[in-house]
Amino acid sequence: MLDAATGRTPPVLAGIDPYDTATVIDPYPFHAALRDLAPVVLLKDYNVYAVGRHAEIQQILDNWQDFSSASGVGIQDIRRPGKFRIPSRLVEADPPGHTEVRAAVTKILSPRLIRSWRDLFEREAAARVGEMLDRREFDAMEHLIEPYVLKVFSTAVGVDLPRENVIAIGEMRFNQTGPDNVLYRGAMERAEPYLDWYEHSVDRVGVLPGSIAEQIYVAEDRGEIEAGVAKSLVRTLVGGGTDSTIAGLGACFHHLARSPGQMALAVADPMLMRTALDEGIRMESPFQVIYRTPNRDVDFAGFTLEKDRKLGLWLGAGNRDPRKWDNPDMFDLRRNPAGVHVAFGTGMHVCIGQMIARLESECLLTEFARRVKTVEPAGESLPRPMNQMRQLRSIPLRVTPQ
Amino acid sequence: MKAIYIVPGGAEVAVDVPANTSLMRAAVSNGVDGIIGDCGGAASCATCHVFVDPAFLGLLPAPGWNEGQILDCTAADRQANSRLACQILMTEALDGIRVTIADPQL
């Protein structure tokens, strides 16, 4: 099925399985091999393409005409028999259907609304950081980041988010978008007791007045969003904004504790923390990979990419591509990578809740830099391996106050 | 190269802008009033909304998909010459560009 124009097939990347648990935990050798072999490679075992260079990832994300989202952002083609899952109307859709939905949600998530939560986020950050200073030694995931995000994000979005349920369902969702492997099967089993909760977790009866969820349901009442779609949108926002923000903040604290010079800079100028999240998710992109699918045989980067063969964009690899970044492996609070890194995606599917994540992060991290003098590891960070998402399970830290 | 910002209230502020630096970044670094730039330059927050002098408008690349959609959500109503300053990168051709900062941004 090769296009006559080039007919060249991308080279096969052999010898590394990106979905092997050890590679999921330490993906950097895979990222380097992927970037260095070619702009597009073939992963034979999965029958998919993979892209790891920053420039090509950006080009594909910007080209929705050739590279569709409608067959799913995971490795499976959700249009195939047996693979079907209900697509997200926001994430797994192309124009024209996507455009109106995206516009309605963009309007609701206005800068003014997001700013209105600042007091709440700051109060919660102050309480949490104060508690950590009393403890001196703590787990940044379990004691700080997870309780903070689950509290402030659940208030903003208007949906109850109990910790055990969120973790189990998150593991299920971010493994389901990968192959049917040991990670996937383990996560499915652990999620089983929470499936009933998940089914009803975003029902209209439970949402908080004034919240994002309520406004989305109201927009549906008014006909601004097509009937029946609001619930799926709320689910997408909750699912897209909970685990990923926790993961991104985890990356920030993990690296701050291992970069004393950076922490000293932030203590001297806490406003540097405003962009820390962007640098944290550049270093450890929560969404490691998202898929697109060629709509036709497409000539790209010297190769012909076959229609319907899925194409994985390894965002984590692009965000450390030395072709794009100086010292890509260094956590650098002065780098200011917002708008350049691809951890939020780019193009029409760029993360719609990124301003909420930035506000959550800014409030927590500036408070941390104002009140903590030093932070160091109190043990190894432990991974929570998932096929799609890069997230730590435990980050033991020790702090001293100012 | 210079950019001239007309800030809320009508004063003109001229700022040196290096090539390839966005007008949002240059304004924020130089403390120009009225530009917030909450998202850091990702065309995602609509708080660096400017009206571009028509003499320069045609020299700019057309807005991308996101910028187009975000411009429909600005606090001050969108005009034909509305742009996000974070998406305007300085070039030699844009030396002397004049933009009026929209008010309000939130």
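1. Two strands are taken as paired if DSSP finds at least two bridges between them. The model discussed here is a predicted one. By that criterion, strand S4 (residues 137-139) of chain A and strand S12 (residues 396-401) of chain A form a pair, antiparallel in sense, with 3 bridges. Within this pairing, A:Glu137 of chain A lies opposite A:Arg398 in S12(A).

2. S12(A) has a further pairing, with strand S9 (residues 372-377) of chain A; these two strands run antiparallel and are joined by 5 bridges. A:Val375 stands opposite A:Val399 in S12(A), and A:Glu376 has A:Arg398 as its bridge partner in that strand.

3. The strands belong to an open sheet of 3 strands in chain A, ordered S4-S12-S9, with antiparallel pairing. S4 and S9 of chain A are the edge strands; each has a single partner strand, so one side of each is left without a neighbour in the sheet. On average, neighbouring strands of this sheet are turned by 30° against each other, direction ignored. Helix H7 (residues 140-157) of chain A packs on the sheet and touches S4 and S12 of chain A. The direction of H7(A) makes about 65° with that of S4(A).

4. Chain B holds an open sheet of 5 strands with mixed pairing, in the order S2-S1-S5-S3-S4. Its edges are strand S2 (12-16) and strand S4 (82-84) of chain B, and each has a single partner strand, so one side of each lacks a neighbour in the sheet. From one strand to the next, the twist averages 35°. At one end of the order, strand S3 (residues 49-52) of chain B pairs with S4(B) in the antiparallel sense over 3 bridges. One of the residue pairs involved is B:His49 with B:Leu84, the latter being its bridge partner in S4(B).

5. How do helix H8 (residues 163-176) and helix H9 (residues 182-191) of chain A pack, and at what angle? Their axes are 8 Å apart and the angle is about 150°. Since angles over 145 degrees count as roughly antiparallel, H8(A) and H9(A) are therefore roughly antiparallel to each other. Their crossing is left-handed. H8(A) contributes A:Ala168, A:Ile169, A:Glu171, A:Met172, A:Asn175 and A:Gln176 to the contact, while H9(A) contributes A:Leu183, A:Tyr184, A:Ala187, A:Met188, A:Arg190 and A:Ala191. By class, the contact of these helices comprises 8 nonpolar, 2 polar and 2 charged residues.

6. The last point concerns the contact between the chains, to which chain A gives 20 residues and chain B gives 18 residues. On the side of chain A that touches chain B, the elements giving two or more residues are helix H4 (97-108), helix H5 (111-115) and helix H17 (354-371) of chain A. H4(A) gives the most to that side, with 4 residues. By class, the side of chain A that touches chain B has 7 nonpolar, 7 polar and 6 charged residues.

How values were computed:
Residues numbered from 1 in each chain as written. Chains lettered and ligands numbered in written order. Predicted model: local features only at pLDDT ≥ 70, side-chain atom pairs only at ≥ 80, totals over all residues. Axes fitted to C-alpha atoms, helices over the stretch in contact; angles between N-to-C directions. Parallel < 35°, antiparallel > 145°, perpendicular 65-115°, else oblique. Left-handed = near helix turned anticlockwise from the far one by under 90°. Contact = placed C-beta atoms within 7 Å. Nonpolar A, V, L, I, M, F, W, Y, C, P; charged D, E, K, R; others polar.
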